[in-house]
Amino acid sequence: MSASSVRVKDGDKIPEGTFTYVPYSQELEDGLACGIPVQLKTHDEWKGKKVVLFSVPGAFTPTCHVSHLPGFLKSTGEFEAKGVDVIAVIAANDPFVMSGWGRVEGVKDKILCLSDADAKWSATMGLSVDLTSRGMGVRTARYAMIINDLKIEYIGLEAAAGVSVSGAEAVLAKL
């Protein structure tokens, strides 16, 4: 993925989007519970809020599971101290997989685990990646954003494998 394919920049308003997710509840502590997916509409839920959004190609994939999400989970207090209202992760996985991943990682209600089905929202910004040759289909790229009242204040898109500009430390440094 190259930066030239990205169609948004700092200062731009995020596109309207609808994500599906399973809200955390105590019942989800039972591994057999699935929860009921609900929708989150970006322009309704995030208006007037400071949101840190990070995107991973897939739940339970090695870099996402071991390196990306854990850094944000460990830093939730630091994000809150810097005025962040919402921390969310998106991937092209379905809401049940995202919920299961969040439960395995111990996310509870600290981070919203949102489904960007078919990477549709990410694709509108040029932030999707075709991993069909690896059997994964079209996915969300690895990136992070700071969104303040629906405007992008920072976007960090990974140009290569690994986590650097989209990691928790990089995002904290931009707040």
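Predicted model: local features only at pLDDT ≥ 70, side-chain atom pairs only at ≥ 80, totals over all residues.
Residues are numbered from 1 along each chain as its sequence is written. Local features need pLDDT of at least 70, side-chain atom pairs count only at pLDDT 80 or more, and totals for chains, interfaces and linings use all residues, while side-chain values use heavy atoms, with hydrogens and water left out.

Select leucine 114. Leucine 114 sits in strand 5, residues 112-115 (strands are DSSP runs of E, at least two residues, and helices runs of H or I, at least four, numbered from the N terminus). Leucine 114 is buried, at 0% relative accessible area (buried means under 20%, with a 1.4 Å probe and protein chains only). Beyond four places in sequence, the contacts of leucine 114 include Leu40, Trp46, Ile90 and Met98 (contact means heavy atoms within 4.5 Å).

Next, select Lys108, Asp109, Lys110, Ile111 and Leu112. Of the 23 residues lining the second largest pocket, these lie nearest its centre. Helix 3 (76-81), strand 4 (86-91), helix 4 (95-105) and strand 5 each supply at least two lining residues. The largest share, four residues, comes from helix 4.

Now select helix 4. Among the buried residues here are Pro95, Met98, Trp101 and Glu105. At the N-terminal end, aspartate 94 caps the helix, with a side-chain oxygen 2.8 Å from the backbone nitrogen of phenylalanine 96. Just after helix 4, stop at glycine 106, which takes a positive phi of about 80°.

Notes: Buried < 20%, exposed > 50% of the residue type's maximum accessible area, 1.4 Å probe, protein only. 1 Å grid on protein atoms, 1.4 Å probe; cavity = no way out; pocket = protein on both sides within 12 Å on 5 of 7 lines; lining within 4 Å. Polar contact = N/O pair within 3.5 Å; in protein donor to acceptor, adjacent residues only side chain to side chain.
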